[in-house]
Amino acid sequence: MLRFLTAGESHGQALVAVIEGMPAGVPIDLDAVTAQLKRRQGGYGRGRRMAIESDKAQVLSGIRRGRTTGAPIALLIPNKDWQNWQKTMHVEPEMPEVATGASRAAVTRPRPGHADLAGALKYDLADIRDVLERASARETAARVAVGSLARQLLAQFGIDVVSHVTMIGGVGLDESMAVPVEQVRAIPADSPLGCADAGVEQKMIAAIDQAKEAGDTLGGAFEVVVSGLPVGLGSYVQWDRKLDGRLAQAIVSIPAIKAVGIGKGPDVARLPGSRIHDEIVPRLGPGGAGQPVGVARLTNNAGGLEGGVTNGEQLRVTGYMKPIATLMKPLRSVDLTTLEESPAAIERSDVCAVTAAAVVGEAMVSLVIADAFLERFTGDNLGDITRTFDQTCAALRARFAAAAAATSTAAGA
Ligand code: EPS
């Protein structure tokens, strides 16, 4: 089982993640972890915090001489902004003399759409800062760091995880499913929003500018695409083993994500079966000639999952994000100390963070897929897992070869 936990407040000293279950012997490129963290910090519409941070994960355990050892891997991402928050966020009961930064007043006016109100009541906290510091999407930096390790395991088996932004506010691609993975991979690293269509992206940018001008915020949607997946990850035999359910939980656990779509997503409710289900045809050998060597699909509306099991097609998962809860033109709220109506608190925030959420989506999908992969191709070290993987792939090829041989014998008889 591959599992992880995170800790850390947005303006505390650091974020921490512990991931357990990574097999031994996986080569780890720490620059690739840093590159993913940098991607998460990007996107047009981010706030001023991202100008302060340059996230980098320190490895505290579990990796030695560039390879995983099989032990839990602990990562620490320092918050540079901590310097400016020590007087507000100090751990000690009294403010230490050496504390730097500003001492900030308690937050008492919950923001509609944030965890503020429910959190303050549930944990009986007078200062909503105790809620928002942990509910902040800053925590997703820790997820991206461990997600990058999972991604590096998957890369050993030719599995590749990418994403693109399909919608910002009401501005979006006509049909995200139609975007080929090559087009997603071709999105430049410095693309402002990570949208596969530069014309649509310009309109998205204009929408963000407009929202910012109005003191408002925007949500949107992103699609994660996974290529190179083997058949048979997940299972239909028990509800909690279905990979679509596990992916849905992982995606909706990302702050502000309100819905998830697999393949065609909500569209399946509108179309008849004849236009949704992906017909199965014989896969011909190289050059499309000779005996069939397997099976193929003409479409992939199912997004690579049938019965909660990968079917060998590309996995396509879409996350739908609500607008960020901090509005510069605040919504109505109530001061919890007086119960008098008062505008919601304003915290420094982003106007739009869908591009960052897409990177977090990739990380969460990588973690779920890696977990399901290790379930199917069990082993404590990369060598064992590779042998199991190769054997399983060979058995599948042999099954198809036997079927093809039986057909040609029958045809020759
Ligand atoms: C974020 C860090 C936060 C916010 C944002 C995401 O930093 P700060 O609160 O210092 O500006 O920019 O979090 C939220 C929008 C939120 O509602 O929590 C990050 O690292 O992604």
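These legends walk you through several close-up views of a predicted model.

**View 1. Ser 10 and the residues around it.**
Is Ser 10 buried or exposed? With a relative accessible area of 5%, Ser 10 is buried. Leaving aside residues up to four places away in sequence, Ser 10 touches Arg 49, Asn 79, Glu 133, Ser 136 and Arg 138. Several of these names return in the views below.

Glu 133 counts as buried at 2% relative accessibility, and Arg 129 is buried with a relative accessible area of 5%.

**View 2. Asp 55 paired with Arg 138.**
Side chains of opposite charge can pair when their charged atoms come close. Here Asp 55 forms a salt bridge with Arg 138, and the closest N and O atoms are 2.7 Å apart. This pair links distant parts of the chain, 83 residues apart: Asp 55 sits in the loop between helix 2 (49-52) and strand 3 (58-61), while Arg 138 sits in the loop between helix 5 (129-135) and helix 6. Asp 55 is buried, with a relative accessible area of 3%, and Arg 138 is buried too, at 4%. Both residues also belong to a network of salt bridges that links Arg 40, Arg 49, Glu 53, Asp 55, Asp 81, Arg 138 and Arg 348.

**View 3. Glu 362 paired with Arg 39.**
A search of the whole structure finds 22 salt bridges, and one of them joins Glu 362 to Arg 39, with the closest N and O atoms 2.7 Å apart. Which helices does the pair link? Glu 362 is in helix 11 (residues 354-376) and Arg 39 is in helix 1 (residues 30-41), 323 residues apart. Glu 362 is buried, with a relative accessible area of 1%, whereas Arg 39 counts as partly exposed at 34% relative accessibility.

Helix 6 (residues 140-155) has 16 residues, which at 1.5 Å a residue should span 22 Å. Its end C-alpha atoms are 22 Å apart, in agreement with that span. Because 15 of its 16 residues are buried, helix 6 is largely enclosed by the rest of the structure.

**View 4. A nonpolar patch on the surface.**
Leu 117, Leu 121, Val 334, Leu 336 and Leu 339 make a nonpolar surface patch of about 450 Å². Take Leu 121 as your guide: this residue is found in helix 4 (residues 116-122) and counts as exposed at 61% relative accessibility.

**View 5. Asp 174 in its loop.**
Asp 174 has its place in the loop between strand 8 (171-172) and helix 7 (181-185). With a relative accessible area of 83%, Asp 174 is exposed. Its C-alpha atom is separated by 9.8 Å from that of Val 200, 26 residues apart along the chain.

**View 6. Cysteines without a disulfide.**
How many disulfides does the count come to? The count comes to zero. For Cys 352, the closest cysteine sulfur is in Cys 195, 12 Å away and therefore too far for a bond. Cys 352 is buried, with a relative accessible area of 2%, while Cys 393 is partly exposed at 24%.

Definitions and conventions:
Residues numbered from 1 in each chain as written. Predicted model: local features only at pLDDT ≥ 70, side-chain atom pairs only at ≥ 80, totals over all residues. Heavy atoms only, no water. Disulfide = S-S within 2.5 Å. Buried < 20%, exposed > 50% of the residue type's maximum accessible area, 1.4 Å probe, protein only. Contact = heavy atoms within 4.5 Å. Patch = residues over 30% accessible without salt bridge, like charges linked within 9 Å, V, L, I, M, F, W, Y side chains within 5 Å. Areas by Shrake-Rupley, 256 points an atom, 1.4 Å probe, with all protein chains shown as cover. Salt bridge = Lys/Arg side-chain N within 4 Å of Asp/Glu carboxyl O. Helix = DSSP H or I, 4+ residues; strand = E, 2+ residues; numbered from the N terminus. Expected span 1.5 Å × (residues − 1).
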